[in-house]
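Please have the model open as you read.

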Amino acid sequence: MQFYLDGYRPGDPLVEDPHPSVRTRPAGLPGEADVLVVGCGPAGLLLAAQLSRFPEIRTVLVDRRPGPLEVGQADGVACRTLEVLEAFGLADRLVEEAYAVNEVTFWRPDPQDRTRIVRTGRIEDVEEDLSEMPHVILNQARLLEHLRQYVRRSATRAEPHYGVRVDDVRLDPAGAEHPVTVTVRHLGTEEVSTIRARYVVGCDGARSRTREAIGRELVGDRTDQSWGVLDVLAVTDFPDIRLKSAITAETGSILVIPREGGYLVRLYVELDGVRDAEMLRRGATPEELVAVANRILHPYTLEVRDVGWWAVYEIGQRLCDRFDDVPAEETGGRLPRVFIAGDACHTHSAKAGQGMNVSMADAWNLGWKLASVLRGTARPELLHTYTAERQEVARQLIDFDREFSALFRARPDGSTGGDPAEFQRYFRAQGHFTAGVAVRYAPSMITAAAPAQHLAEGFPVGMRFHSAPVVRLADAKRLHLGHVARADGAWRLYVFADRSDPTAGDSPFRDLCAFLASGASPISRSTPPGADPDSVIDVRAVLQQGHRELTVEALPPVLLPRKGRFGLVDYEKAFCPDPAADVFDLRGVDRDAGCVVVVRPDQYVAHVLPLDGHEALAGFFGDVLVPAPRSIRTGTR
């Protein structure tokens, strides 16, 4: 990590100096905001963390709960989510605290005695080279606390306002600076306040008041299938209690999810609509859920000593047709001002572990777009891409969840329409989806329709930038290339050099670097006056030579940018292959031609271009970014 750019100071480098406006900010709920985030769950706090990188943007968070979540709810953190959290410097902390899911076991009735279950399969949870990050299990409350601490350490020093319920959201499309008026009620005192905002994001769950206010509706199916979920400390003779286990018995199904700390375990217990009807009618107790678990686990037993959290829920797959306030027929002439994310716009079962992860992915997609528009670096039409991209992902999730749930509860006799052995095959086949790395965005203003994909087959346009090991030239440090991307709203140009000597005057790599340093480049055209040269477009180079064959002083100037108030040189822009795992081979980069991989601020590949594609590169960014010079809006706080 880099710090001390603008001067040495003692203390924790992770704690930023407060923005000047923090000192004069009045206490209590403000009357105006650039972005009002409704709901402080995973989506709301990830969005707040992203926006906290830009202290000139006034972000306000409200939540109807009386305080932070303490126990329960979601716990699975997918590989892709950890890749995102790495951009905030949080991945290592979560991995250290969490339970890592390494393998999954499958259980079904013993053919010799179908009242008993036996292990029938065991596979790796995440296939090799799917991600450098593991799949981990961590209490949602702990994940939220890490995000809150991140926001507290930022220059914004933002804190959520708890006990605040949204009563109404009114939009005046012709309104000037703050066209959205939100009426909120302070629970306990019943005091009513109004907040005028430039944008509102409803991350307020399946009963979202924000969604209702903009006329959106969750549409889909609710079923009569109910499940109990418990976090327990237990003594058991079930041998796979510390492995993720999918159990399908004659009497029901259980998903066993070991939890962090070495002792806690989560059980998702299927409840039978006939056998357990009376219990469901009057409301199940934890003791009754444990009894059902023991019925399914036979011949093994589970003696629960403590229940940390429990709930009963009904499976349903529901989805909104749009994730913003603009009617489909008006997208050409009206910009969105109110957005919804997470459970506010899509709901599904919990067993596949996708709810929290997809909700955070919604916020990750939206956050940089809001920041870019508010800071004046991107065209406002960028905001239309949020619904276009994320609604399709949610639709795919609903389809996946419907099939996953059906296969999970399929009985050995086929009575529910499937063979449980099929579930194991399906689980393996859908590993990319459950890990969160299967998302592929369609062509748009920020995703090229006709890339030179053959130059980098391992970086598919529209999909997340798949990291790989490299060696940093300046200090010989081995690291992952994708980890150089911070949650700072900047685009990345990963320039993969051709075979020729990168110091030679006629090198295509050298020609591209000269173009990027010129007045005709998208960097010069889009970087605001006085901003660091990599604040909008950040150039990184991967050379084919070993790190001991090259010298830093031979790098072109665009790879040695001067930054900060002292004009210090950033030496961390150039990389060489890791001898043990060459990125050119791992990701199918053409060694003879080289290429440019354009990556969005949310780490998705936007374009692949040849090294001499200067005009096409400038044209791509010309459709997205706003030309400089211009003044930078500071916002009201």
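Contact here means heavy atoms within 4.5 Å. Helices (H or I, at least four residues) and strands (E, at least two) are DSSP runs, numbered from the N terminus. The model is a predicted one, where local features need pLDDT of at least 70 and side-chain atom pairs count only at pLDDT 80 or more, while totals for chains, interfaces and linings use all residues. Residues are numbered from 1 along each chain as its sequence is written, and side-chain values use heavy atoms, with hydrogens and water left out.

**Helix H16 and its cover**
- Helix H16 spans residues 614-622, and its buried residues (under 20% relative accessible area, with exposed over 50% and partly exposed in between; 1.4 Å probe, protein chains only) are Leu-617, Ala-618, Phe-620 and Phe-621.
- These residues sit on the same side of H16, because they cover an arc of only 160 degrees around the axis; the arc is that of the directions from the helix axis to the C-beta atoms.
- The cover over them includes strands S21 (491-496), S22 (537-542), S26 (595-599) and S27 (605-609), along with helices H13 (508-516) and H14 (522-526).

**H13 against H16**
- The two helices pack at an angle of about 35 degrees with their axes 11 Å apart; axes are lines fitted to C-alpha atoms, for helices over the stretch in contact, and angles run from 0 to 180 degrees between N-to-C directions.
- On the H13 side the contact uses Asp-511, Leu-512, Phe-515 and Leu-516, and on the H16 side His-614, Leu-617 and Ala-618.
- By class, the contact of H13 with H16 has five nonpolar residues, one polar and one charged (Ala, Val, Leu, Ile, Met, Phe, Trp, Tyr, Cys and Pro count as nonpolar, Asp, Glu, Lys and Arg as charged, and the others, Gly among them, as polar).

**Ile-537 in strand S22**
- Ile-537 lies in strand S22 and is buried, with a relative accessible area of 1%.
- Leaving aside neighbours within four places in sequence, Ile-537 touches Trp-491, Leu-493, Pro-522, Ile-523, Phe-621 and Leu-625.

**H2 against H5**
- Helices H2 (residues 42-51) and H5 (residues 140-153) pack at an angle of about 20 degrees, their axes 9 Å apart.
- The crossing of H2 and H5 is left-handed.
- Among the residues in this contact are Leu-45 and Leu-46 of H2, and Leu-144 and Leu-147 of H5.

Note on methods
A crossing is left-handed if the near helix is turned anticlockwise from the far one by less than a right angle, and right-handed if clockwise.
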